[in-house]
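Subject: Structure handover and findings

Hello,

Here is the structure for you to look over. My notes follow below it.

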Amino acid sequence: MRVTLKELSKYFGDVRAVDNLSLDIQDKEFVALLGPSGCGKTTTLLTIAGFYKPTSGSVLFDGRVVDHLAPRERNIGMVFQSYALYPHLNALDNIAFPLKLKGLAKRLREERVKKVATLLQIEDLLHRRPAELSGGQQQRVALARALVKEPDLLLLDEPLSNLDAKLRIAMRAELKRLQKDLGITTIFVTHDQIEAMTMADRIAVLDKGRLQQVGSPEELYRYPANTFVAGFIGTPPMNLLEAYLVVQEGKPMIMAKHFGFPLPAEIIRDLPHGGERREVLFGIRPEDIRLGHGEIRGEVYVVEPLGRDVLITLKMGEEIIKVLAPADLKLQTGEIAKLSFPPEKIHLFDNETGESLLRRNPR
Amino acid sequence: MRTYRGLMRYLEGAVPYILMAIVSAPFLTMYIGFFLRAFGEGAVLGILPRKWGFSNFQFLWKPIAWGLGQTTMWTALGNTILFAVTSGIVVTVICMLAGYALSRVEFRGRNFYLVLQLVLHAVPGQILLIAVFFLLLYVGLLHRIPGVALARASLEIPLGIWMAKGFFDGIPWDVERSAMVDGCTRFQVWYKIFLPLVKPGIAAVFIWGFLFAWHDFIYVYTLLPGTIKVMSTLIQSLLATEVIDYGYLAALSLIYAVPPLALFVFLQRALLKVPVFGGKGIG
């Protein structure tokens, strides 16, 4: 099923939880709503589910406005962060509950519960109460309950955040696989960019109720539309340094406190006029910096081995820059390192608006 | 030295018990006196019984005379049970519905209504007696046990609503949302999911409504005719005679006290059955 959010806004008093959000989610697509806590992602999800009425704008399912429909009339499955199982019912009755409300016969109910329980490998747990299940098992039961009614749309509200790290990684792959196999349109809310990157077909990044950028994980990583997305996607986050963009003899130049170099003109949207110094934020990802050669110098401040890589913090005067380098690179604290920023990997943002100044096409 | 220190430690440990004994002495004296009276016969100095027996409990098989009329203990006990159970059920049904609404539904005047309940609870029931009298008279429920029970229940509903709301507040929103996604209407959420989860609350609110009606005197005394006796008015009418048989009264009072205790024991399991909500680290 296709889901369309049309200029959706939700205010709580003066607080704009969701502000003019437009988003088109294709049939069978897996979309993540990503953002820090308080960004409006859960409000958006609850509005799609029908718990909140939009202050303005609409939610459309397959092109039909559903704002007037109650949650139970929308045929959605939902998994909550707390799983929200019914404590007084065992796993079987929990999963069968939506079917029971639909008035399905007992034999049919049990058949369908069996099927979904097999899919999620919880056949042996069906007679246990939620209190007798581990977190991971509870989550599977909650997922089974959401899937058993064969919903048109699956909504997941931070379903992985209560699992331990190892289980979370395993469930990430499993959920992704399950979603592709079942082909149910899925909206997934998370504050964890790695979860969003690994699982979603497309990610919608939200901040302060506003949509920052929508795109595939790769697009968001390679072409962040603004400093918020640049800082939110990728670990460790992108280095952002204050700099000037100037045009000298028709060639754009980036001028920072401790370095400066020419840039290819074709990557930059509306260049400043000759003689104008435009304040910008210069961005480069830690993994894109080349260490070992180049004109730029930095003093090694901290070295953090991460196993496969090593995270090096360099000081250029007062400015701090992080570099992710292969682990075989041996550097001592206090050493002066040579580094360079490959022009095709750099990012430029307007210092005031935070918007990207790069063209997306040429790369 | 060692024995001295041991003695001090012993005394130190005894202090809380001594204090508790002093504090509870008056109550214990009353209860002991009560039992001595009920089971003792031919008391000396009004306290010490000459022999033990059940002769004070003769009302169990003999009618009780008061003034010119007579009744049996069983009729009075039955009336009291009808009165208290009716009140308990009315209080429970209304408080469970209102408590859910006040806990979960947003509506204009919700906070005002909540504060109003507390204010209403502060109003003594006695000052409403005249109004209640006429109200019951108009609707034709005066002098009937269910009617008076309804009036009595209304006194406990305000605080009962707060109690019920507290229990509903303890259920996570996600459980309610989950039920609504699963296909429940608001009423089905209340009936199928919430009521089973607040069993301790149901028991507590029922006991609340039941107990106050069980112990009530002024409402049944004023609004029921003298011919319909409940336990409290029966005991009062026996006190109002010229010769008071204290042993008899104590035995009757003992019977009066048993049902609420039995109810507590019966509902104890429900009271302690608090559900555990799923999700690690989530309350």
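Helices here are DSSP runs of H or I with at least four residues, strands are runs of E with at least two, and both are numbered from the N terminus. Please keep in mind that this is a predicted model.

**Backbone**

With those element numbers, A:E158 sits in the loop between strand 7 (153–157) and helix 5 (165–182) of chain A. Phi of A:E158 is near 45°, a positive value in a residue other than glycine. Is A:E158 buried or exposed? A:E158 is buried, because its relative accessible area is 7% and the cut-off for buried is under 20%.

A:A84 also has a positive phi, near 50°, and is not a glycine. Look for A:A84 in the loop between strand 6 (76–79) and helix 2 (91–102) of chain A. A:A84 counts as buried, at 3% relative accessibility.

The bond joining A:T235 and A:P236 is cis, with omega about -15°. A:P236 is in the loop between helix 8 (227–232) and strand 11 (239–248) of chain A. For context, most residues other than glycine have a negative phi, and most peptide bonds are trans.

**Chain A overall**

Chain A has eight helices and 19 strands. Its C-alpha trace spans about 80 × 45 × 35 Å along the principal axes. Of the 363 residues in chain A, 53% are buried. Take the contacts in chain A between residues at least 6 apart in sequence: 66% of them join residues at least 24 apart.

On charge, chain A carries 50 positive and 48 negative side chains. The centres of these two sets lie 6 Å apart.

**Salt bridges**

A:E150 forms a salt bridge with A:R112, and their closest N and O atoms are 4.0 Å apart. This pair links distant parts of the chain, 38 residues apart. A:E150 is in the loop between helix 4 (135–147) and strand 7 of chain A, while A:R112 is in helix 3 (residues 106–119). A:E150 counts as partly exposed, at 49% relative accessibility. A:R112 also counts as partly exposed, at 21%.

B:D182 forms a salt bridge with A:K149, with the closest N and O atoms 3.3 Å apart. Why does this pair join two chains? B:D182 lies in the loop between helix 6 (173–181) and helix 7 of chain B, and A:K149 lies in the loop between helix 4 and strand 7 of chain A, so the pair joins two chains. B:D182 is buried, with a relative accessible area of 6%. A:K149 is buried as well, with 5%.

A:D207 and A:K208 meet through their side chains in a salt bridge, at 3.9 Å from N to O. A:D207 is buried, with a relative accessible area of 15%, whereas A:K208 is exposed, with 67%. Elsewhere, A:R16, A:D19 and A:R210 are joined into one network by salt bridges that share partners.

**Nonpolar patch on chain B**

Which residues form a nonpolar patch on the surface? They are B:I89, B:V93, B:I94, B:L97, B:F187 and B:Y191. Together they have about 580 Å² of accessible area.

Helix 2 (73–104) and helix 7 (186–197) of chain B each supply at least two residues of the patch. Helix 2 of chain B gives the largest share, four residues. B:I94 lies in helix 2 of chain B. B:I94 counts as partly exposed, because its relative accessibility is 37% and partly exposed covers values between the buried limit of 20% and the exposed limit of 50%.

Best wishes

Conventions:
Residues are numbered from 1 along each chain as its sequence is written. Chains are lettered from A and ligands numbered from 1 in the order in which they are written. This is a predicted model: local features need pLDDT of at least 70, side-chain atom pairs count only at pLDDT 80 or more; totals for chains, interfaces and linings use all residues. Side-chain values use heavy atoms; hydrogens and water are left out. Buried means under 20% relative accessible area, exposed over 50%, partly exposed in between (1.4 Å probe, protein chains only). Contact means heavy atoms within 4.5 Å. Lys and Arg count as positive and Asp and Glu as negative; His and the chain ends are not counted. The place of a charge is taken as NZ of Lys, CZ of Arg, CG of Asp or CD of Glu. Patches are made of residues with over 30% relative accessible area and no salt bridge: like charges are joined within 9 Å, nonpolar side chains (Val, Leu, Ile, Met, Phe, Trp, Tyr) within 5 Å. Accessible areas come from the Shrake-Rupley method with a 1.4 Å probe; for residues, only the protein chains shown count as cover.
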